[in-house]
Each structure stands twice: as C-alpha cells, then as structure tokens.
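Me: I am new to this structure and would like to learn how to read it. Can we go feature by feature?

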Amino acid sequence: MFKGLLVCYAVIVMTFFSVAISGYWAFGNQTKGVILMNFVVDEKPLLPTWVLLMTNVFALLQVAAVSVVYLQPTNDVFERKFSDAKSDQFSIRNVVPRLVFRSLSVIIATAVAAMFPFFGDINAVIGAFGFIPLDFILPVIFYNVTFKPSKKGLMFWGNTAIAIICSAVGVLGAISSIRQIILDANTYSLFANV
C-alpha cells in the first residue's frame, strides 16, 4: 500500500503540478479555468485540432473513471434499496436497477454542472475542504498514528511536512475558491453560456 501511495504522489506531482506550474508560467493570472481554452484565440485554435480533440477525449475518459469512484457511495445506497442480494450479481433483477440508477446519478450531476456557470469554482471549494484532507493530509497523519515511526526519523517528519504544507494549500485554496464564487455570483444566471 505504501508503494502504491508513493506511485500516486509521483503521478500527481508529474501531471497536475507540472500542468499548473507551466500554465501559470505561460499565461500568468489571466489563465482560464480550462487550460485548453488558453490555446483558442478568437475561436481559432493555436494547436492542431487533433491535439485538442485527443486531450478532450482523454479528459472525458478520466472524468468517467473518477465519477465511478466518487459516485460509489450513492450507487451503494441505491443498490441496497433496489437490488436483490439473493439474486446473481449479473441477473436482470440486479443489472437493470444498477444501470438505471447509476445513469440517473450521472445525469443529475451533469445537469447540476450545466446549471451553474461557476461549477469549477464549486469543485475548487469541494477540493479544498474534501479532497485535499482526504487525499493528502489524513493518510500521512494516520500513517504516523498507526505505525508510530520514530520522531527522529525522516518518515515522521516527511509525513508531518506533507500534512502541514497540504493544510496550508487547502486553507489558501478554500479562501480563494470562496472568493471566486462570491465574484462570480454577481453575474450568475442559470444555464449561462460562458
């Protein structure tokens, strides 16, 4: 599990941080919420169309995979109510409710995202309050509490540094995302085309 955690952190640092840092370096504070929109000027792409298409396809695949993970608690609640545990997992009695309710939850989430033109800002708030603590802060704290590494060792202080730095990033992210929601709320309209 620890090796898997290291791989996850390595992938996050190489992918997300490299895009964030290079995007800010290239576009400054004028960068748009969707990094690809920086490569479209006056509705003319600065990159080949196939690059934009492939990037959007990969983003769609990633979002589909993430939605399966993060909607699992909702799916579990629906399946407990509308599925039959005594039937086979792939029986019609279990497959149809699973297909209907999983599709319905994705449709509802998509409709909510389309309704709010500042849905990315809401995601930033959720990330600051939910994902940063769950993905970065709590695992290292729980590791220190559970395995009790030596307080003189690199593992303890490395985990403590990760928890402190990510806490600071989470607080700054929460402040900035709430500020952005307040700014965007002044121009809010349902299903806006932004």
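Reply: Gladly. Keep in mind that this is a predicted model. We start in a loop. Aspartate 42 lies between strand S1 (40–41) and strand S2 (44–45), in the loop that joins them.

Me: What is the phi of aspartate 42?

Reply: First the general idea. Most residues other than glycine have a negative phi. Now the case here. Aspartate 42 is not a glycine, yet its phi is positive, at about 55°.

Me: Is aspartate 42 buried or exposed?

Reply: Its relative accessibility is 69%, so aspartate 42 counts as exposed. The cut-off for exposed is over 50%.

Me: Which residue in the loop between H5 and H6 can I look at next?

Reply: Take lysine 148, which is found in that loop. Lysine 148 also has a positive phi, of about 45°, and is not a glycine. At 62% relative accessibility, lysine 148 counts as exposed.

Me: Now the aromatic rings. How is a pair of rings described?

Reply: By two things: the distance of the centres and the angle of the planes. Rings pair if their centres lie within 6.5 Å, and planes under 30 degrees apart count as stacked.

Me: How many aromatic pairs does the count come to?

Reply: By this rule there are eight aromatic pairs. Take tyrosine 9 and phenylalanine 136. Their ring centres are 5.7 Å apart and their planes are at 20°, so this pair is stacked.

Me: Where do tyrosine 9 and phenylalanine 136 sit in the chain?

Reply: In distant parts of it, 127 residues apart. Tyrosine 9 belongs to helix H1 (residues 2–27), and phenylalanine 136 to helix H5 (residues 119–147). Both tyrosine 9 and phenylalanine 136 are buried.

Me: What can be said of the rings of phenylalanine 82 and phenylalanine 101?

Reply: Their centres are 4.4 Å apart and their planes are at 20°, so they are stacked. This pair too links distant parts of the chain, 19 residues apart. Phenylalanine 82 is in helix H3 (residues 72–82), and phenylalanine 101 is in helix H4 (residues 92–115). Phenylalanine 82 is partly exposed, with a relative accessible area of 35%. Phenylalanine 101 has 18% relative accessibility and counts as buried.

Me: Which residues form one aromatic cluster?

Reply: Phe2, Tyr143 and Phe147 do.

Me: On to helices. How are two packed helices described?

Reply: By the angle between their axes and the distance between the axes. Here, H3 and H4 pack at about 140°, with their axes 10 Å apart. That makes H3 oblique to H4. The crossing of H3 past H4 is right-handed.

Me: Which residues make the contact of H3 with H4?

Reply: From H3 come Gln72, Thr74, Asn75, Phe78, Glu79 and Phe82. From H4 come Arg93, Pro97, Arg98, Phe101, Arg102 and Ser105. By class, that is four nonpolar, four polar and four charged residues.

Me: At what angle do H5 and helix H6 (residues 154–185) pack?

Reply: At about 170°, with their axes 8 Å apart. That makes H5 roughly antiparallel to H6. Their contact has 20 nonpolar, eight polar and two charged residues.

Me: One last residue. Where is valine 19?

Reply: Valine 19 is in helix H1. Valine 19 is partly exposed, with a relative accessible area of 43%. From valine 19 to isoleucine 35 is 16 residues in sequence and 8.4 Å in space, C-alpha to C-alpha.

Key: Residues numbered from 1 in each chain as written. Predicted model: local features only at pLDDT ≥ 70, side-chain atom pairs only at ≥ 80, totals over all residues. Heavy atoms only, no water. Phe/Tyr/Trp six-rings, centres within 6.5 Å; stacked < 30°, edge-to-face > 60°. Helix = DSSP H or I, 4+ residues; strand = E, 2+ residues; numbered from the N terminus. Buried < 20%, exposed > 50% of the residue type's maximum accessible area, 1.4 Å probe, protein only. Axes fitted to C-alpha atoms, helices over the stretch in contact; angles between N-to-C directions. Parallel < 35°, antiparallel > 145°, perpendicular 65-115°, else oblique. Left-handed = near helix turned anticlockwise from the far one by under 90°. Contact = heavy atoms within 4.5 Å. Nonpolar A, V, L, I, M, F, W, Y, C, P; charged D, E, K, R; others polar.
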